[in-house]
Amino acid sequence: MTTEAIAKVVAVADKPVEQYPIKPKVGDIFYTSWGYDQTNVEFFKVVRVSASSVWVQETGQKREYADYGGGDYWTTVSDGQPLVREFRNRETGEFEKVVAPISVHRIKEGREGKPCIRINSFTIGWFWDGQPVHASTGH
């Protein structure tokens, strides 16, 4: 998708959830696909819905290798569990687990009238249809 197309999606005025052909609900998944030399994919599970916003939490992923130019297919874990990252505490040297935070996003109209959300300044969360999403590991 071009930068102009993304800008058009983001510029659409907020609409109440009821006006979308597909209405986001708790448990639905949005995904991002972004990058330059590699394609990064992230998945976000809806944990709450209001009239014009969704609250989402990043989920874990599972990969299925695809043999064409170093690419992978990534899909969310089957149970959509929150992503847990592990970090080393610099002071203690111990590893600590941190659960992905919940964030709130305005719902916009995306492709084919499906809802989408702006995750940050460079990614849009697209409504996920459950199919594998292509990701690549770079060159």
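Which residue in strand 2 is the bridge partner of S33? In strand 2, that partner is V41.

## Model and confidence

This is a predicted model, in which local features need pLDDT of at least 70 and side-chain atom pairs count only at pLDDT 80 or more, while totals for chains, interfaces and linings use all residues. Residues are numbered from 1 along each chain as its sequence is written, and side-chain values use heavy atoms, with hydrogens and water left out.

The protein has an average pLDDT (the predictor's confidence in each residue, from 0 to 100) of 80, and 73% of the residues score at least 70. Confidence is highest in strand 3 (residues 53-58), with a mean of 95, and lowest in helix 1 (residues 3-11), with a mean of 47. Helices (H or I, at least four residues) and strands (E, at least two) are DSSP runs, numbered from the N terminus. Over residues 5-13 the pLDDT stays under 50. For that stretch the model has 14 contacts (heavy atoms within 4.5 Å) beyond four places in sequence.

## The barrel

Six strands, in the order 1-2-3-8-9-10, close into a barrel with antiparallel pairing. On average, neighbouring strands of this sheet are turned by 40° against each other, direction ignored; axes are lines fitted to C-alpha atoms, for helices over the stretch in contact, and angles run from 0 to 180 degrees between N-to-C directions. Two strands pair if DSSP finds at least two bridges between them. Strands of a sheet pair through backbone hydrogen bonds, either parallel or antiparallel.

Strand 1 (residues 29-34) and strand 2 (residues 40-49) are antiparallel and share six bridges. These two strands form a hairpin with five residues between them, and G35 in the turn has a positive phi of about 140°. Strand 2 then pairs with strand 3 in the antiparallel sense over five bridges, V49 having V54 of strand 3 as its bridge partner. The hairpin that joins strand 2 to strand 3 passes through three residues.

## Closing strands

Strand 3 and strand 8 (residues 102-109) pair in the antiparallel sense over five bridges, and the bridge partner of Q57 in strand 8 is I102. Strand 8 is in turn antiparallel to strand 9, with three bridges; here K108 has C116 of strand 9 as its bridge partner. In the hairpin of strand 8 and strand 9, five residues lie between the strands, and E112 takes a positive phi near 55°. Strand 9 and strand 10 are antiparallel over four bridges, and I117 is bridged to G125 in strand 10.

## The hairpin of strands 6 and 7

Strand 6 (residues 84-88) and strand 7 (residues 95-99) run antiparallel and are joined by five bridges. R88 has F95 of strand 7 as its bridge partner. Six residues lie between the strands of this hairpin, in which G93 takes a positive phi near 80°.

## The second largest pocket

The second largest pocket has a volume of about 190 Å³. On a 1 Å grid over the protein atoms alone, a pocket is an open set of points where a 1.4 Å probe fits, with protein on both sides within 12 Å along at least five of seven lines. Grid points are joined across faces, edges and corners, and a volume is the space filled by probe spheres set on the points.

This pocket is lined by 14 residues (those with an atom within 4 Å of a point), of which Y31, R111, K114, W126 and F127 lie nearest its centre. Strand 9 (115-120) and strand 10 (123-127) are the elements that give two or more residues to the lining. The lining divides into eight nonpolar, two polar and four charged residues. Ala, Val, Leu, Ile, Met, Phe, Trp, Tyr, Cys and Pro count as nonpolar, Asp, Glu, Lys and Arg as charged, and the others, Gly among them, as polar.
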